[in-house]
Amino acid sequence: MLSYKIKNYISDHIDSSAITLAELAIHLNKTPNYINFVFKKENGTTINQYISCEKMKKVAQLMKRCGTEFKDACKMVGICNYPYG
């Protein structure tokens, strides 16, 4: 249930430049360490890794479906340092 809430929050805020553990913890009224522990145990990846992966999936989707250029797609999902992307 907690993993579902985390994934849902990330999905709803994927365009934000900074989804943080602290922000998620406040939203869920849990500690950052606890939510990261539970998420990793259930999904095999940390929350930060999951966020990065979801942002890159969104970039790929924007490029493929909308013909958006890479740097523009990165900016749309909150990746400010697009060469890193």
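The axes are lines fitted to C-alpha atoms, for helices over the stretch in contact, and the angles run from 0 to 180 degrees between N-to-C directions.

This is a predicted model, in which local features need pLDDT of at least 70 and side-chain atom pairs count only at pLDDT 80 or more, while totals for chains, interfaces and linings use all residues. Residues are numbered from 1 along each chain as its sequence is written, and side-chain values use heavy atoms, with hydrogens and water left out.

**Overall fold**

The chain has 5 helices and 0 strands, in the order α-α-α-α-α along the sequence. Helices (H or I, at least four residues) and strands (E, at least two) are DSSP runs, numbered from the N terminus. Along the principal axes, the C-alpha atoms fill a box of roughly 40 × 20 × 20 Å. Of the 85 residues in the chain, 33% are buried; buried means under 20% relative accessible area, exposed over 50%, and partly exposed in between (1.4 Å probe, protein chains only). Among contacts (heavy atoms within 4.5 Å) with a separation of 6 or more, 42% join residues 24 or more positions apart.

Two packed helices are described by the angle between their axes and the distance between the axes.

| Pair | Angle between axes | Axis distance |
|---|---|---|
| α1 and α2 | roughly 120 degrees | within 11 Å |
| α1 and α3 | about 100 degrees | 9 Å |

Helix α1 covers residues 2-12 and helix α2 residues 21-28. These two are therefore oblique to each other, and α1 passes α2 in a right-handed crossing, meaning that the near helix is turned clockwise from the far one by less than a right angle (anticlockwise for left-handed). On the α1 side, Leu2, Lys5, Ile6 and Tyr9 meet Glu23, Leu24, His27 and Leu28 of α2. By class, this contact has 5 nonpolar, 1 polar and 2 charged residues, where Ala, Val, Leu, Ile, Met, Phe, Trp, Tyr, Cys and Pro count as nonpolar, Asp, Glu, Lys and Arg as charged, and the others, Gly among them, as polar.

Helices α1 and α3 are, by their angle, roughly perpendicular to each other. Their contact joins Leu2, Ser3, Ile6 and Lys7 of α1 to Tyr34, Ile35, Val38, Phe39, Glu42 and Asn43 of α3. It has 6 nonpolar, 2 polar and 2 charged residues.

**Nonpolar cores**

A nonpolar core is a set of buried Ala, Val, Leu, Ile, Met, Phe, Trp, Tyr and Cys residues joined through side-chain atoms within 4.5 Å. The largest has 15 residues, and Leu2, Ile6, Ile10, Ile19, Leu24, Ile35 and Ile47 have the most contacts inside it. At least two of its residues come from each of α1, α2, α3 (32-43) and α4 (47-66), and α1 supplies the largest share, 4 residues. Apart from this core lies another, of 6 residues, including Val59, Leu62, Val77 and Ile79. Beyond its neighbours within four places in sequence, Ile6 is in contact with Leu24, Leu28, Ile35, Phe39 and Ile47.

**Individual residues**

Asn29 is in the loop between α2 and α3 and is exposed, at 69% relative accessibility. Its phi is positive, about 60 degrees, although Asn29 is not a glycine. Most residues other than glycine have a negative phi.

Met56 lies in helix α4 and is partly exposed, with a relative accessible area of 30%. The C-alpha atoms of Met56 and Val38 are separated by 23 Å, and the two are 18 residues apart along the chain.

How values were computed
Angles under 35 degrees count as roughly parallel, over 145 as roughly antiparallel, 65 to 115 as roughly perpendicular and the rest as oblique.
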